[in-house]
Amino acid sequence: NGSDINMEELMKLEPDVVFYNAGSKEIGEALRSAGFAAVAVSVNKWDYDSIETYDQWISLLSQIFPEKGDTAEQVSRYSQNIYEDIQNKVSGLKDEEKKDILFLFNYSDTTMVTSGKKFFGQCDAVGGRNVAEGVAAENSNAVINMEQVYEWNPDIIFITNFTPVQPEDLYENAVGQDDWSPVKAVQDKNVYKLPLGTYRSYTPSTDTPMTLLWMAKQVYPDLFSDVDMTQEVKDYYKELYGVDLSGEQVQRMYHPGREAAAGYKK
């Protein structure tokens with residue numbers, strides 16, 4: 001139940017290792033005091049760089065599962081290749097060509113929350129700018145309003161799967177009394193729902209390299225017109241994880257519905 005752990009029930013499971021959030025030091029101490037092999041996993045140690053965080057998680061797992069051989073090296077190499085390919089294409093952008101991006105982390109008729117500088121959101125990595133860096137510089141997330149959105153007037157809006165809101169909700173002004181019609185991203189139909197694969201994208205996960213590539217393609221379609229996302233995703237999962245994805249599965253991953261937000265507690 002969240003951060004509450006029933007040690008007696010946990011002991012019955014006889015786990016070889018127990019992973020916990022590195023930010024919950026008290027839990028780690030309690031686990032170790034109870035005799036468990038407790039391993040802390042950090043979310044923010046690497047400055048919310050999704051690629052680096054994912055690589056470090058895989059490196060940690062490779063120490064615990066040494067029989068997996070060079071998986072960590074493969075994952076890191078694949079991630080870096082994707083990152084470098086993106087950088088090669090966006091590095092020539094002039095400042096005035098870079099897109100302004102707004103993340104809607106959570107959105108309802110009562111609140112609007114965006115991602116700040118100290119949270120996940122790969123704007124820099126795809127050659128874009130997070131419009132909320134200033135207002136949320138010291139916080140992971142920040143509550144904003146439509147007046148602030150009007151001021152920023154973002155070129156691109158990404159909606160996470162931590163909220164059931166879909167792009168058409170902005171196009172149709174279907175949330176509360178908010179009027180999105182003056183916003184450039186809405187006028188140009190450049191509002192996108194982030195993918196849902198192994199977990200909700202833009203936080204680190206198995207999907208991180210592919211999410212980065214997908215975002216770059218949405219932000220700068222002309223620069224990435226040669227990228228076939230369906231094939232890229234299929235190749236990625238096959239090469240690194242031995243999983244054969246069908247075209248239908250990839251389609252579902254990259255067009256998640258409202259139910260993708262189920263189970264998330266605000």
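Biologist: Which elements cover the buried residues of H8?

Modeller: The model is a predicted one, in which local features need pLDDT of at least 70, side-chain atom pairs count only at pLDDT 80 or more, and totals for chains, interfaces and linings use all residues. Residues are numbered from 1 along each chain as its sequence is written, and side-chain values use heavy atoms, with hydrogens and water left out. Helices (H or I, at least four residues) and strands (E, at least two) are DSSP runs, numbered from the N terminus. Contact means heavy atoms within 4.5 Å. The cover of the buried residues of H8 includes helix H3 (50–64), helix H4 (71–90), strand S3 (100–104), strand S8 (156–159), S9 and H9.

Biologist: How many of the residues of H8 are buried?

Modeller: Buried means under 20% relative accessible area, exposed over 50%, and partly exposed in between, with a 1.4 Å probe and protein chains only. In H8, 11 of the 12 residues are buried, among them Thr-208, Trp-214 and Val-219. Helix H8 covers residues 208–219 and reaches 16 Å from its first C-alpha to its last, close to the 16 Å expected at 1.5 Å a residue. The expected span is 1.5 Å times one less than the number of residues.

Biologist: What does Thr-208 touch?

Modeller: Thr-208 lies in helix H8 and counts as buried because its relative accessibility is 6%. Leaving out residues up to four places away in sequence, Thr-208 touches Ser-50, Ile-51, Tyr-54 and Thr-203. Ser-50, Ile-51 and Tyr-54 are in turn among the buried residues of H3. The cover of the buried residues of H3 includes H4, H8 and H9. H3 has 15 residues and reaches 21 Å from its first C-alpha to its last, close to the expected 21 Å.

Biologist: What is the order of the strands in the open sheet?

Modeller: Strands of a sheet pair through backbone hydrogen bonds, either parallel or antiparallel. Two strands pair here if DSSP finds at least two bridges between them. The open sheet has four strands in the order S6-S3-S8-S9, with parallel pairing. S6 and S9 are the edge strands, each pairing on one side only.

Biologist: How many bridges join S3 to S8?

Modeller: Four bridges join these parallel strands, and Leu-102 stands opposite Ile-157 in S8. S3 also pairs in the parallel sense with strand S6 (residues 129–130), over two bridges, where Ile-101 stands opposite Asn-130. Four of the five residues of S3 are buried, so the strand is largely enclosed by the rest of the structure.

Biologist: Where is Leu-93 placed, and is Leu-93 buried or exposed?

Modeller: Leu-93 is in the loop between H4 and S3. At 17% relative accessibility, Leu-93 counts as buried. Not counting residues up to four places away in sequence, Leu-93 touches Lys-98, Gly-127, Tyr-220 and Leu-223.

Biologist: What is the volume of the second largest pocket?

Modeller: Rolling a probe the size of a water molecule over the atoms shows where empty space is left. On a 1 Å grid over the protein atoms alone, a pocket is an open set of points where a 1.4 Å probe fits, with protein on both sides within 12 Å along at least five of seven lines; lining residues have an atom within 4 Å of a point. Grid points are joined across faces, edges and corners, and a volume is the space filled by probe spheres set on the points. The second largest pocket has a volume of about 240 Å³. Of its 14 lining residues, the closest to the centre are Lys-193, Trp-214, Gln-251, Tyr-254 and His-255.

Biologist: Which element supplies the largest share of that lining?

Modeller: S9 does, with three residues. Helix H6 (167–171), strand S9 (191–193), helix H9 (229–241) and helix H10 (247–253) each supply at least two residues.
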